[in-house]
Amino acid sequence: MRRWTNLALFGLLGLAFTTGWVAFFYGTAPSRWSLIVHAASGYAIVALTPWKAVIAAHGIQRRRPGWWASLVFTGLVIASVFAGILHSTGLLLAVGPITAMEVHVGAALLAIPFVAWHVIARRIPVRAVDLSRRSLLRAGALLTGAGLAYAAGEGAVRLFSLPGSTRRFTGSYEYGSLQPAALPVTQWIADAVPAIDPASWRLTIQAGAAIREWSYGELLAFDDRVRATLDCTGGFYSTQDWSGVWLRRLLESSSSPLAAEGRGGAFSLHVRSLTGYDRRFALRDAGRLLVATRLGGEPLDPGHGFPVRLVAPDRRGYWWVKWVTAISIDELPAWWQVPFPMQ
Ligand code: HEM
Ligand code: HEM
Ligand SMILES: Nc1nc2c(c(=O)[nH]1)N[C@H]1C(S)=C(S)[C@@H](COP(=O)(O)O)O[C@H]1N2
Ligand SMILES: [Mo]
């Protein structure tokens, strides 16, 4: 049972970590599915506490080198699970500027080197018996129990009308919708708000050999509108009215070879910020990406991406590149990028 418990914890930690990021990657239905598995794997980890406590007590008594690092690791896992539950129930969403979701993910990220060390320093040999019928039955029982715990948790959130009952399928909470002034300014990691002079600023659109530079004034002349929901992985979402110009229109008026679309699809749109922050999109998305100059009918302010930012409906906030200076079509596929920005 000891070996089984440790192996199960190993699998569950991997599952929770992976499903958390998968949920962040999507702004559509797959996000919810991933979060259901995610929550269940989190509860399964908690459910193993009685067995793991026995193992840990034994290890602590032996005072093996680095035993304290296992305690730090334990603290991080508890902090992550606790913050996750505070977020999902809505009992405590933020302390000052730090959200429960940021603590949740931050503690999980900090735990990575500790998990790696823990499983190497305390490694257990994997044997054929680990795939025995009994092991599999245990795994089945654990996962069923975890699924029921998830259902019970969601049920309780609704029954007691906790704030969590209002969250979106991504787990995010509504904030300041249709009130542009209430939209917070958020950076993915540590990007700084640049000061941009609109007189000298240009948006460069490049498609193959064709290059076209747009001035701020030219872009302001467009008035394509979309009501879209910015859903930040920090745990909140806000629906606002954005206006500007659909990217497809800019590409077409650059007399670009948009026909490339037909040729196999190994082409993508590369959207770059003045700060270096960038994202790639499939070419077919051009009709649903807004190069926005206004929020709620007013020009953007520096924090929200002045002079122009991308509005990417149905995508999580980190795709909504701010302070855009260049958009190009090149021959790399859209999946040729780190899944999450690094700055
Ligand atoms: C939620 C995840 C986990 C937590 C919180 C945790 C925590 C701990 C703690 C506090 C100890 C006692 C201190 C020490 O000996 O370093 C320990 C020992 C140990 N852990 Fe973990 N652990 C986790 C996952 C794992 C995994 C995934 C494995 C293996 C794949 C593992 C294998 C072991 C082993 C073999 C011991 C030593 C027991 C002994 O010496 O008798 N643990 N763990
Ligand atoms: C040690 C790793 C992790 C564990 C054990 C864990 C566990 C949990 C638990 C127990 C919940 C509460 C679920 C509920 O009550 O419905 C939760 C929520 C959540 N976690 Fe994690 N988590 C981990 C890492 C991550 C990571 C790395 C991410 C993102 C990259 C993430 C994203 C989320 C999100 C978005 C929610 C909110 C779900 C909702 O409100 O519906 N988690 N997590
Ligand atoms: N250049 C750049 N664009 C960015 C970011 C960033 O850090 N740098 N953060 C993204 C994230 S994580 C979110 S949630 C939205 C936030 O937009 P807002 O500040 O207008 O609310 O911008 C996105 N665009
Ligand atoms: Mo975000």
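Okay, let's start with Glu 252, which is partly exposed at 48% relative accessibility. Keep in mind that this is a predicted model. Glu 252 has a salt bridge to Arg 248, and the closest N and O atoms there are 3.9 Å apart. Both of them sit in helix H8, residues 247–253, four residues apart, so about one turn of the helix. Arg 248 is partly exposed as well, at a relative accessible area of 24%. While we're on salt bridges, there's also a network: Glu 154, Arg 158 and Arg 167 are joined into one by bridges that share partners.

Now, how many salt bridges does the structure hold? The count is 13.

Let me pick out another one, Arg 294 with Asp 223, where the closest N and O atoms are 3.8 Å apart. This pair links distant parts of the chain, 71 residues apart: Arg 294 is in strand E10, residues 290–295, while Asp 223 is in the loop between helix H7 (216–220) and strand E6 (224–232). And is Arg 294 buried or exposed? It's buried, with a relative accessible area of 14%. Asp 223, on the other hand, is partly exposed at 41%.

Last pair, folks: Asp 241 and Arg 227 form a salt bridge with the closest N and O atoms 2.8 Å apart. Here again distant parts of the chain get linked, with Asp 241 in strand E7 (residues 236–246) and Arg 227 in strand E6, 14 residues apart. Asp 241 comes out partly exposed, at a relative accessible area of 31%. Arg 227 has 53% relative accessibility, so we call that one exposed.

Definitions and conventions. Residues numbered from 1 in each chain as written. Chains lettered and ligands numbered in written order. Predicted model: local features only at pLDDT ≥ 70, side-chain atom pairs only at ≥ 80, totals over all residues. Heavy atoms only, no water. Salt bridge = Lys/Arg side-chain N within 4 Å of Asp/Glu carboxyl O. Helix = DSSP H or I, 4+ residues; strand = E, 2+ residues; numbered from the N terminus. Buried < 20%, exposed > 50% of the residue type's maximum accessible area, 1.4 Å probe, protein only.
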